[in-house]
Amino acid sequence: MSEQKAIEGVIEGVIEEPGAEGVTEGVSEEREQAGGAVAGREQAAGAAGEREQADGVVAEREQVGGAVAGVGQEPVPPAPRATRASRPLRGALRWAAALAVFAVFGASTAYGVTRLERTDVPGLGTASDGRWDYPELVRPPLPKGRPAPFASSNKATAHYADLRELVLPAPRGATADKTLAVSHGWVKTGTFLDEYPLKDDRELLGGVFRDRGLRHIAARGWTTADGTRTRIYLLQFGTGLVAGEVQQEEFAGYDHAPRTLRGAPSTELDGRFPDTWQLPNVTHYAYDEPRPYGAEQVRQAYLLAGDVIGLVVQSRKGDARAVPFQQTVALQEELLG
């Protein structure tokens, strides 16, 4: 009997609590549905915020005990029921979730396109952006039993394929450079050293090449219709370790090229060269000639790929355009990597 009075006291306190109209309506509905003697217990459970059904007698007694212990405390209102007003919100959330899924799918598709190999995109772009029309790149076959330059079994990171076949071919419509268009594809060390106008540089590099065991130099050059002249040299050493030392000591500069090329008395690091074109096993140092130019602007880039050091030079009267230079360097890296 005392338990029944305590429950009724809690119910009366809830009904009289200011601003608790929603709770009162919930209690009235539950009394109408449950009916009989158990209605009072179900109302007390609803006022305490419990979701147990009226037929859970043991759970109800525990709830009643809690209610009796906290008669003087403010009751916890029941969880609000879903209304029609919440349906538009749920619909909006569904649409937001669907849009998020499409956004993720679209981002992943775009990522897949940007990660395509350069050889999968003919010409690396359209002709309208200034890029040249290069033929499809094909790496020469490896000798039987020889690994690729960056295979785990190739400790020397050596290029066993014919180095002459690793020089980038000229774009369509270009005219071959007669000084580099030799039938056997190799050039003498002096031909490469002629790119440097200072006698001290030529003598120093000549001694380095002899001491470090330079094996041979492959080269190719051409001139395009707009007057841009391109020269590419590939210098091969005994191992990747030796080539890396020569590159760091003689051809790598932090903010300018350490050696002066003909036509480029001053240089600066080419900050506009896209870093995204850097291949995992190939490094490059690209330099530009700052204004004011002389008779022509000269762009240059030194590459390192295993046992090979590469030099790409482009020059043009007035100015040498950045796009074909970047394209040429990137494709040469692709062949060496």
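Which backbone nitrogen lies 3.0 Å from a polar atom of the side chain of aspartate 162? In this model, which is predicted, that nitrogen belongs to arginine 164.

Aspartate 162 itself is placed in the loop between helix H5 (86–114) and strand S1 (175–176), and because its relative accessibility is 29%, it counts as partly exposed. Leaving out residues up to four places away in sequence, aspartate 162 touches Pro140 and Trp186. With proline 140 the separation along the chain is 22 residues, whereas the distance in space, C-alpha to C-alpha, is 6.9 Å.

Is glutamine 314 buried or exposed? Its relative accessibility is 1%, which lies under the 20% limit, and therefore glutamine 314 counts as buried. The side chain of glutamine 314 is joined to that of threonine 328 by a polar contact of 3.1 Å. Once neighbours within four places in sequence are set aside, the residues in contact with glutamine 314 include Trp132, Thr228, Gln297, Arg321 and Phe325.

| Residue | Accessibility | Partner and distance |
|---|---|---|
| Glutamine 314 | 1% relative accessibility | side chain of threonine 328, 3.1 Å |

The nonpolar interior comes next. In soluble globular proteins, nonpolar side chains tend to be buried together. Here the largest nonpolar core holds 27 residues, of which Phe192, Phe209, Tyr233 and Leu235 touch the most other members. At least two residues of this core come from each of several elements, among them helix H6 (189–193), helix H7 (199–211), strand S4 (229–236) and helix H8 (240–251). Leucine 235, when residues up to four places away in sequence are not counted, touches Phe192, Phe209, Leu214, His216, Ile217, Asp307, Val308 and Ile309. Another core, of 25 residues, lies apart from the largest one, and its members include Leu166, Ile232, Phe273 and Leu331.

Helix H7 can also be followed on its own. Its 13 residues, at 1.5 Å a residue, should span 18 Å, and because the end C-alpha atoms are 18 Å apart, the model agrees with that expectation. The buried residues of H7 are Asp201, Leu205, Gly206, Gly207, Val208 and Phe209, and what covers these buried residues includes H6, S4 and H8. After H7 comes glycine 213, which has a positive phi, near 70°.

Methods. Residues numbered from 1 in each chain as written. Predicted model: local features only at pLDDT ≥ 70, side-chain atom pairs only at ≥ 80, totals over all residues. Heavy atoms only, no water. Helix = DSSP H or I, 4+ residues; strand = E, 2+ residues; numbered from the N terminus. Buried < 20%, exposed > 50% of the residue type's maximum accessible area, 1.4 Å probe, protein only. Contact = heavy atoms within 4.5 Å. Polar contact = N/O pair within 3.5 Å; in protein donor to acceptor, adjacent residues only side chain to side chain. Core = buried A, V, L, I, M, F, W, Y, C linked by side-chain atoms within 4.5 Å. Expected span 1.5 Å × (residues − 1).
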